[in-house]
Amino acid sequence: MLAYLRIFAVNHQKISSLHINNMCCCKRRASLKKSELHVLFGRNYSSLPGLIGNDIKSLHSVINPPIAKIRNIGIMAHIDAGKTTTTERILYYSGYTRSLGDVDDGDTVTDFMAQERERGITIQSAAVTFDWKGYRINLIDTPGHVDFTLEVERCLRVLDGAVTVFDASAGVEAQTLTVWRQADKHKIPRICFLNKMDKTGASFNYAVESIKEKLKAKPLLLQFPIGEAKTFKGVVDVVNKEKLLWNSNSDDGKDFERKPLLETSDTELFKKTIEARNTLIEQVADLDDEFADLVLGEFSENFDLLPAEKLQTAIHRVTVAQVAVPVLCGSALKNKGVQPLLDAITMYLPSPEERNYEFLQWYKGDLCALAFKVLHDKQRGPVVFMRIYSGMLKPQLAIHNINGNCTERISRLLLPFADQHVEIPSLTAGNIALTVGLKQTATGDTIVSSKSSALAAARQAKREGEKKHNREADRLLLAGVEIPEPVFFCTIEPPSVAKQPDLDRALKCLQREDPSLKVRLDPDSGQTILCGMGELHIEIIHDRIKREYGLETYLGPLQVAYRETILNSVRATDTLDRILGDKRHLVTVELEARPTEKPSVVPVIEYGESVSEDLLKASQEAIENGIHSACLQGPLLGSPIQDVVITLHLLVIHPGTSTTMISACVSRCVQKALKKADKQVLEPLMNLEVTVIREYLSPVLADLAQRRGNIQEIQTRQDNKVVIAFVPLAEIMGYSTVLRTLTSGSATFAIELSTYQAMSPQDQRILLTRRSGSS
């Protein structure tokens with residue numbers, strides 16, 4: 001519908017307003033091979049070419065379509081399954097781009113960062129808005145690399161549906177499992193797209209079986225391929241009993257024909273389709289009672305008479321209920337099967353009103369939105385991506401941030417098109433928008449119209465919570481994103497001391513954009529420490545500081561983020577007695593440190609019966625600050641302490657003692673207790689999946705044994721072997737280079753953090769000796 005409505009700010013130039021009768025419509029296409037600019041003047045909304053019928057009469061209906069016609073979807077998969085290529089084809093067929101972008105050429109729309117175009121991977125999630133056959137689709141292209149899992153997590157939080165892309169020759173891979181689990185957590189309905197059907201080794205049946213076995217999902221086969229690998233030429237639409245064939249002479253895949261299957265001309269294909277359709281009808285009838293009644297009543301004698309529309313409606317219901325997943329297939333790179341995927345997105349994935357968000361009832365139509373991503377634009381400042389759940393957003397609107405407990409004003413409202421944006425006058429519920437002017441808002445913040453609105457919603461939520469005897473209200477009101485702990489760290493230094501404030505500013509901006517990036521100061525050396533999710537993550541951050549902020553920084557050697565814990569229970573007492581000016585500050589603390597029964601990243605704090613409640617009320621915050629700060633640096637390596645319970649048994653405070661002194665005394669006492677205890681280093685254990693051809697299996701296994709690897713299983717995937725193992729993170733730094741050498745570049749691997757495990761006494765001794773020798 002918006003095939004010709006491209007109102008973009010070229011080079012981020014400000015468009016002050018939109019007028020219905022007189023607008024400047026521009027489109028910029030960034031390409032490494034060429035740069036061209038198309039500018040169309042004098043477009044009139046009432047006569048936009050390419051619109052379907054006369055159903056769009058005004059600017060309002062273009063910008064704010066009916067909520068039933070909105071689809072907020074994400075594209076997710078294992079790295080290299082073809083997510084970004086699929087997105088490019090979707091944008092091309094929907095009319096939003098004039099040429100096909102290619103990941104290898106570095107000219108895709110959604111991979112707009114320089115690092116993404118160089119590496120051919122997706123790092124940040126790019127949001128794109130486009131139309132397809134009367135539906136508004138807000139699409140998020142997410143990364144598949146394990147270092148950027150948080151990008152997937154925070155975008156899934158705001159989606160209503162997702163397309164999971166699979167490599168048809170590999171089926172379910174390591175990162176597919178991770179993103180699938182994330183989608184399960186947020187209860188996202190999904191469609192499966194088996195991509196790369198033209199690839200050597202592609203197998204439709206193998207990929208479907210892997211979805212059943214590994215994801216424990218119920219696949220509904222809405223299509224099956226006509227040919228596989230080199231012979232792949234089209235797909236069969238099982239629901240409509242049609243075959244879709246793409247013209248081999250067509251360069252862009254727009255030219256394809258849809259033919260009804262006839263028993264006379266396609267006997268084998270027709271028979272196979274009827275069998276597949278009957279199986280599909282039986283599957284859906286088992287999952288949907290309404291459809292089962294219809295089938296058993298009117299069409300029990302002959303399933304062939306069942307109208308496609310009735311079947312599609314039932315498939316939509318079971319997809320939204322997340323009891324099954326529709327499966328489609330194609331080849332995005334060869335431009336086959338993408339248009340039917342777009343149809344399936346609009347037909348089977350839910351609209352925002354079909355998703356049940358319990359907290360909406362508390363706002364009663366008032367504004368409620370979630371900030372799920374922050375970017376820093378050089379001209380505009382912080383740009384915040386928001387999902388609007390209820391109410392309306394407008395420029396110059398004052399909004400209240402519940403998490404930050406502050407009120408801010410939105411200066412401009414934009415509709416996203418990767419790194420190009422359309423300025424708009426308003427946006428209603430169900431849409432994804434970009435806001436400019438919010439200085440305090442960060443990822444995961446809940447945005448409402450005013451403080452009074454937030455208080456009213458909290459009161460309503462509390463009443464509901466009391467009725468149901470739960471504390472759902474707190475969790476739903478401030479629905480954010482769980483941020484994983486970093487596993488790597490290194491020092492980062494500016495080129496000169498004078499540039500340190502510039503580096504601090506750059507890191508502050510990058511942290512708002514990426515909450516998985518942690519920055520801290522080393523208390524001993526005063527150096528800035530950069531903590532990230534992996535080697536690639538830290539490398540990208542370093543590169544961005546150079547390109548975007550013009551700072552040539554220096555990184556220290558990459559180190560593994562170990563943790564520490566204690567193995568026995570110990571008690572300690574400490575007294576702090578100081579006179580500052582004419583005031584005496586006196587605190588006496590007695591506490592106990594012991595290991596927890598259940599894993600806990602932060603210390604569990606308990607209070608003995610002898611600690612008076614009045615004293616606790618006045619100084620609890622200071623006590624807990626002291627405990628938390630002491631647990632940031634353990635006695636062995638200076639790594640964070642976890643899995644520990646701190647019980648305060650005695651607290652004596654002289655009148656007039658400051659809270660800072662209380663914190664300092666508690667912190668010192670905790671450190672004393674930790675030093676007395678038997679200590680243990682915990683190291684990050686990674687889940688490693690290596691895909692290798694049979695002839696290189698032995699050297700790969702021998703290498704993993706040298707790396708303290710624990711082989712879990714060896715699976716067979718087509719002609720390849722898949723080795724699944726647990727390996728300490730310290731042993732697989734630089735593993736990609738070694739694996740490439742061992743297998744002549746034929747193997748691939750994926751890793752993700754599994755857990756933290758205790759090091760053996762021998763390995764711990766070696767590590768401590770190495771650290772004390774290097775320090």
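The legends below describe close-up views of a predicted model.

**View 1. The chain as a whole, as context for the close-ups.** In this predicted model, the chain holds 20 helices and 37 strands. Of its 775 residues, 56% are buried, and among contacts with a separation of 6 or more, 72% are made by residues 24 or more positions apart.

**View 2. Helix α17 (residues 659-676) and the elements that its buried residues pack against.** The helix comprises 18 residues, which at 1.5 Å a residue should span 26 Å, and because its end C-alpha atoms are 26 Å apart, the model agrees with that expectation. The buried residues of α17 are Met 661, Ile 662, Ser 663, Cys 665, Val 666, Ser 667, Cys 669, Val 670, Ala 673 and Leu 674. An α-helix has 3.6 residues a turn, so residues three or four places apart point the same way.

**View 3. The crossing of helix α14 (residues 500-513) with helix α15 (residues 535-549).** Two packed helices are described by the angle between their axes and the distance between the axes. For α14 and α15, the axes come within 11 Å and cross at roughly 120°, and the crossing in which α14 passes α15 is right-handed. On the α14 side the contact is formed by Leu 503, Ala 506, Leu 507, Cys 509, Leu 510 and Glu 513, which meet Ile 541, Arg 544, Ile 545 and Tyr 549 of α15. Taken by residue class, this contact between α14 and α15 consists of eight nonpolar and two charged residues, with no polar ones.

**View 4. An open sheet of four strands, in the order β9-β10-β11-β12.** The pairing in this sheet is antiparallel, and its edge strands, each of which pairs on one side only, are β9 (223-226) and β12 (256-260). Neighbouring strands of the sheet are turned against each other by 25° on average, with direction ignored.

**View 5. The pairing of β9 with β10, and the helix lying across the sheet strands.** Strand β10 (residues 234-237) runs antiparallel to β9 and is joined to β9 by four bridges, with Gln 223 standing opposite Asp 237 in β10. Helix α7 (residues 267-287) lies across β9, β10 and β11 (242-246), and the direction of α7 is at about 160° to β9.

Definitions and conventions. Residues numbered from 1 in each chain as written. Predicted model: local features only at pLDDT ≥ 70, side-chain atom pairs only at ≥ 80, totals over all residues. Heavy atoms only, no water. Helix = DSSP H or I, 4+ residues; strand = E, 2+ residues; numbered from the N terminus. Expected span 1.5 Å × (residues − 1). Buried < 20%, exposed > 50% of the residue type's maximum accessible area, 1.4 Å probe, protein only. Contact = heavy atoms within 4.5 Å. Axes fitted to C-alpha atoms, helices over the stretch in contact; angles between N-to-C directions. Left-handed = near helix turned anticlockwise from the far one by under 90°. Nonpolar A, V, L, I, M, F, W, Y, C, P; charged D, E, K, R; others polar. Pairing = 2+ DSSP bridges.
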